[in-house]
Amino acid sequence: MYSSSTFDLSKNCAYHSNIQGHDTEECPALRNNIQNMIDKGKIIVQQGPLNHSTVDAVIVQGDTT
Ligand SMILES: [Zn+2]
């Protein structure tokens, strides 16, 4: 279901360790997972003021669900 514009075999995702075609920063599942953790207050996102493309996420509570 990947479109040719987003599927890139040179990319790979840390979240989907066996899947190529997207990199970690554009992983929809990981984004969704992180957003859920943010919403639940389980994660703190620290964003550098000088580089908005870099997001350092700190997991406060471990939760694999
Ligand atoms: Zn992924």
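Mentor: Let us begin with burial: a residue is buried if 20 or more other C-beta atoms lie within 10 Å of its own, exposed if 12 or fewer, and partly exposed in between, with the C-beta atoms placed from the backbone. In the protein chain, buried residues make up 3% of the 65 residues. This is a predicted model, in which local features need pLDDT of at least 70 and side-chain atom pairs count only at pLDDT 80 or more, while totals for chains, interfaces and linings use all residues. Residues are numbered from 1 along each chain as its sequence is written.

Trainee: In what order do the elements of the protein chain run?

Mentor: Helices (H or I, at least four residues) and strands (E, at least two) are DSSP runs, numbered from the N terminus. The protein chain has one helix and four strands, and from the N terminus on their order is β-β-α-β-β.

Trainee: How many Å should helix α1 span, and how far apart are its end C-alpha atoms?

Mentor: The expected span of a helix is 1.5 Å times one less than its number of residues. For the 12 residues of α1 (residues 28-39) that gives 16 Å, and the end C-alpha atoms are 16 Å apart, so the two agree. After α1 comes G41, whose phi is positive, near 75°.

Trainee: Which residues does T24 touch, leaving aside those up to four places away in sequence?

Mentor: Two residues are in contact if their C-beta atoms, placed from the backbone, lie within 7 Å. With that exclusion, T24, in the loop between β2 (20-21) and α1, touches C13, A14, Y15 and L30. The C-alpha atoms of T24 and C13 are separated by 4.3 Å, although these residues are 11 apart along the chain.

Trainee: Are T24 and C13 buried, exposed or partly exposed?

Mentor: T24 is partly exposed because 13 other C-beta atoms lie within 10 Å, and C13, in the loop between β1 (8-12) and β2, counts as partly exposed because it has 19 C-beta neighbours inside 10 Å. Beyond four places in sequence, C13 touches I19, H22, D23, T24 and C27; the C-alpha atoms of C13 and C27, 14 residues apart along the chain, are separated by 6.9 Å.
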